[in-house]
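Trainee: Could we go through this model together? I would like to begin with the charged side chains and then move on to other topics.

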Amino acid sequence: MKKWLLAFVLGVSVLVHVQAQQKYTLQQCITIALENNLQLRQLMLQVQTNQNVFEQSKWQRYPTLNFSGSQGLQSGRNIDPFTNQFVEQTVNFSNFSVNTGVNLFNGYQQKNIIKQNQTNILATQKDVEANRNTLILNVASSYISVLNNQEQLEFARRQAETTRLQLDRTDRLVKAGSLSQINLYDIQSQLANDELSIVNAQNNIELSKLTLKQFLNLPASEVFEITPIALPAPSTTTPYDATLEQVYNAAIKYLPDLDAANLRIESAKTGIEIAKGAKLPSITLGGGLSSSFSSAAPKQRFVGDGGASRVVDVPSTTRYVSYGGFTVPVIEKVTVPSGSIQDFGYFDQLNFNRNASLSLSLRMPIFNGYQVKYRIANAMIQQKNLEYQAQIVQNQIRQTVEQAYYSMVNAAKRYEATSRQIESLELSFKAAELRFNAGAINATEYNIAKNNLDRSRASLIQAKYEYLFRTKILDFYQSKPISLE
């Protein structure tokens, strides 16, 4: 039972270790980098912001509708809002209004603003694509750098093993008296140099992994390994299947950098039209509905019912006549409309005080300190500036493609030349090894031959990965997916 338990624990430990040592392909690294990159997320938020600005500008074409209300208290000598007369009392008042308005014409400015905002969305989206491309190339470069350093490490280990074998043979020859002791010391010194090369290669791997982790936004402590790939040797006859002009023409059409620059030129042209629109008249249609309440208004009032009026005799309170020693009031005939006294409450007063308005406004610009003139001039300068920027971007694309293409060609040539050099150095090293074992040369001469061969082989590995990276860049510029499979 204990054996089974021990086996289970060991199995779980191995499984956890295997999971911790998960190896990532280049495509997996690119996916992680795109998901974790904060700069890309910021740009995507900018796209959303521009989308909101665009949507809001479309709503600007529709009428506005606003409601306002106020409630207040006035004390002392005030104007009664109901009668517009001065009163000496505390007045409780309310005001309500609903207003609407729509811009019928403003020199096509709103139409052009909508067009400009839509163009800005497209330009920002192209910015996102351009930054995605930059991130993908950085990840690919770091990934290939890790592969290069790993192969350099394997090469350094093989060279150290070769030196150990030679150290063992030299030790036997020294003990046999065929070689002097100093030769053993020289080989030991060479082994120390080889072991230092191993340490340097290991450090380079960790640094290149750290760079890759940073592009993936992963902590440095993250356990991270990449999938080893057996890469083919570069072709020395046909380094690449496309010419420089073919790559450049494809890059101009595929890369979003120039598209973003051209879209901003279109936005600037629309900005000129917006500025010119300020020279034209604007027409606005408006309307409103309002009402008010005042506590100073009478609480009751006569309300007619639409019936026939009648004439009644009413004794006067101010006019009198005297007759036979008696004073009697004058009888006046008063016409009384048909109706009755009714309560005049809060909502009755709001209904009574309501009023409506409708207006059509025309604004004709005549002179405003040349504001429109200079806005147009600045908009035209902005357009010219963006045209220069587009030319700069186009030149940068050409220069980047040219640099990548000629770096690829030079890497292929360097690989071919280094391959021929290695063939000669291998023959030289074998001859030196035979002569050293025979005691014809000393360890210093042997180490020189070995170091020359080691440097050439390391350069060959570097040239191979340089060629690989440059070809992948050229593939990417032609909208081909980056893959090392």
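Trainee: Is arginine 420 buried, partly exposed or exposed?

Mentor: Arginine 420 counts as partly exposed, because its relative accessibility is 47%. Buried means under 20% relative accessible area, exposed means over 50%, and partly exposed lies in between (1.4 Å probe, protein chains only). Please note that this is a predicted model, in which local features need pLDDT of at least 70, side-chain atom pairs count only at pLDDT 80 or more, and totals for chains, interfaces and linings use all residues. Residues are numbered from 1 along each chain as its sequence is written, and side-chain values use heavy atoms, with hydrogens and water left out.

Trainee: With which residue does arginine 420 form a salt bridge?

Mentor: Its partner is glutamate 416, with the closest N and O atoms 3.2 Å apart. A salt bridge here is a side-chain nitrogen of Lys or Arg within 4 Å of a carboxyl oxygen of Asp or Glu. Helices (H or I, at least four residues) and strands (E, at least two) are DSSP runs, numbered from the N terminus.

Trainee: And what does glutamate 426 pair with?

Mentor: The side chain of glutamate 426 meets that of arginine 457 in a salt bridge of 3.0 Å, N to O. Glutamate 426 lies in helix 9 and arginine 457 in helix 10 (residues 443-477), so this pair ties together parts that are 31 residues apart in sequence. Arginine 457 is partly exposed, at 23% relative accessible area.

Trainee: How about arginine 470, buried or exposed?

Mentor: Arginine 470 is buried, with a relative accessible area of 18%. It forms a salt bridge with glutamate 466, the closest N and O atoms being 2.8 Å apart. Both residues lie in helix 10, four residues apart.

Trainee: How many salt bridges does a search of the whole structure find?

Mentor: The search finds 22. Lys126, Glu129 and Asp259 are linked in a network of such bridges.

Trainee: Changing topic, what is the mean pLDDT of the chain?

Mentor: The mean is 87, and 94% of the residues reach 70 or more; pLDDT is the predictor's confidence in each residue, from 0 to 100. Over residues 5-10 the pLDDT is below 50, and this stretch has zero contacts (heavy atoms within 4.5 Å) beyond near neighbours in sequence. Where pLDDT is low, the predicted coordinates should not be read in detail.
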